[in-house]
Amino acid sequence: MTEDLEQIAQEYKVVVRDLMKVYRRGATEVIALRGIDFEVSEGEFLSIIGPSGSGKTTLLRMIGALDRPTAGTVLFDGHNIALLDDYHAMLYRRQKVGFVWQTGNLVPDLTALKNVMLPMRLAGAPKKAAEKRAMMLLERVGLKLRINHRPHQLSGGENQRVAICVALANKPDLLLADEITGELDTETADVVMQMLKEMNVEFNTTIINVTHNPHVTEYAGRVLRIRDGLIEGQRHVLYGDISEIDAKGRLVIPETVRRLANIQKRVVLSVTPEGLLIKPLDEGSADVPEAPAEETADA
Ligand SMILES: Nc1ncnc2c1ncn2[C@@H]1O[C@H](COP(=O)(O)OP(=O)(O)OP(=O)(O)O)[C@@H](O)[C@H]1O
Ligand SMILES: [Mg+2]
């Protein structure tokens, strides 16, 4: 590893460098990835958007060690995933990564609860502990009353929420989501993406979500565009609503923004070179000023 890359590896959860994937079928060759470069910070919610065939699934499979790149590097916590042998790749997938796909995430014969318990049981968790965590996760995504339903007894959106719980069961550092709202209507897709965002904030899980639907990228903090196996560009997502400040200095923070930023009743304000930073105030934290922030919410 060059010194430069070593430095970068220390700063980021995931580093992708010069990643190439060529599929060979007899005499035909498909170059799916042509030299991809990007980094993902710990706790970041990154979306990758691109048209069909641009290499999104291929890229996720390389990052998730489901397949090996033809050339290039994927670093996870500084370790080169591409160099793992089959056994260590399996351990990496089981312990560090959660996957959610467009469909087919769940075992049809198992209830929602049993589906979420399964990865924990496979990783050796005792039954009671697995059940407790599965209940917590399902409750968290609003499925408390559906835990004993099987996938065919649940709606598409409910199934995807269960799938998110399955992916989060073993507390992965990284969640890879491939077009998970592809089969859902816009409203249900919003609910599922909102859940994903909340899990990202609550558990600090790093998320890479790929899609071809621009609407879905609104939940991410940053969006990369991929085309023909190359990264074309990126943008940071800004919550564009312009809020006015009244004569008393009160600011209205829209409900969606409050939810995404995990802001509840109290916040800490600090002035930074980029502007005013509004951070949620953790009730238990001692090193914050006691004076409560003014109630500014409009709801
Ligand atoms: N196993 C494979 N063998 C041969 N070619 C493949 C294989 N998997 C993918 N490809 C090709 O690689 C390119 C990228 O495919 P990929 O599945 O990564 O695209 P994608 O961006 O996920 O598309 P979509 O939005 O339709 O899911 C495509 O041209 C595809 O045909
Ligand atoms: Mg795909």
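Predicted model: local features only at pLDDT ≥ 70, side-chain atom pairs only at ≥ 80, totals over all residues.
Local features are given only at pLDDT of at least 70 and side-chain atom pairs only at pLDDT 80 or more, while totals for chains, interfaces and linings use all residues. Residues are numbered from 1 along each chain as its sequence is written, and chains are lettered from A and ligands numbered from 1 in the order in which they are written.

The chain splits into domain 1 (3-236) and domain 2 (243-299). These bounds come from an automatic or database domain assignment. The domain centres, taken over C-alpha atoms, lie 31 Å apart.

An open sheet is built from six strands in the order S6-S7-S8-S3-S9-S10, with mixed pairing. Strands S6 (97-100) and S10 (230-236) form the edges; each has a single partner strand, so one side of each lacks a neighbour in the sheet. On average, neighbouring strands are turned by 20 degrees against each other, direction ignored. Strands are DSSP runs of E with at least two residues, helices are runs of H or I with at least four, and both are numbered from the N terminus. Strands pair if DSSP finds at least two bridges between them. Strand S3 (residues 45-49) runs parallel to strand S8 (residues 206-211), and five bridges join them. Ser47 stands opposite Asn209 in S8.

Helix H6 lies across S6 and strand S7 (174-178), at about 165 degrees to S6. Axes are lines fitted to C-alpha atoms, for helices over the stretch in contact, and angles run from 0 to 180 degrees between N-to-C directions.

The largest nonpolar core holds 67 residues, of which Val116, Ile164 and Cys165 touch the most other members. Helix H6 (residues 156-168) gives the most to this core, seven residues. Such a core is a set of buried Ala, Val, Leu, Ile, Met, Phe, Trp, Tyr and Cys residues joined through C-beta atoms within 7 Å. Beyond its neighbours within four places in sequence, Cys165 is in contact (C-beta atoms, placed from the backbone, within 7 Å) with Val116, Ala134, Leu137, Leu138 and Val141.

Helix H2 (residues 56-63) is mostly covered, with six of its eight residues buried. A buried residue has 20 or more other C-beta atoms within 10 Å of its own, with C-beta atoms placed from the backbone. The buried set is Lys56, Thr58, Leu59, Leu60, Met62 and Ile63. Ala65 follows H2 and has a positive phi, near 55 degrees.

Ligand 1 is surrounded by 13 residues, the closest being Tyr23, Ser52, Lys56, Thr57 and Thr58. H2 supplies the largest share of this shell, three residues.

Conventions:
Buried ≥ 20, exposed ≤ 12 C-beta atoms within 10 Å, placed from the backbone. Contact = placed C-beta atoms within 7 Å. Near = placed C-beta within 6 Å.
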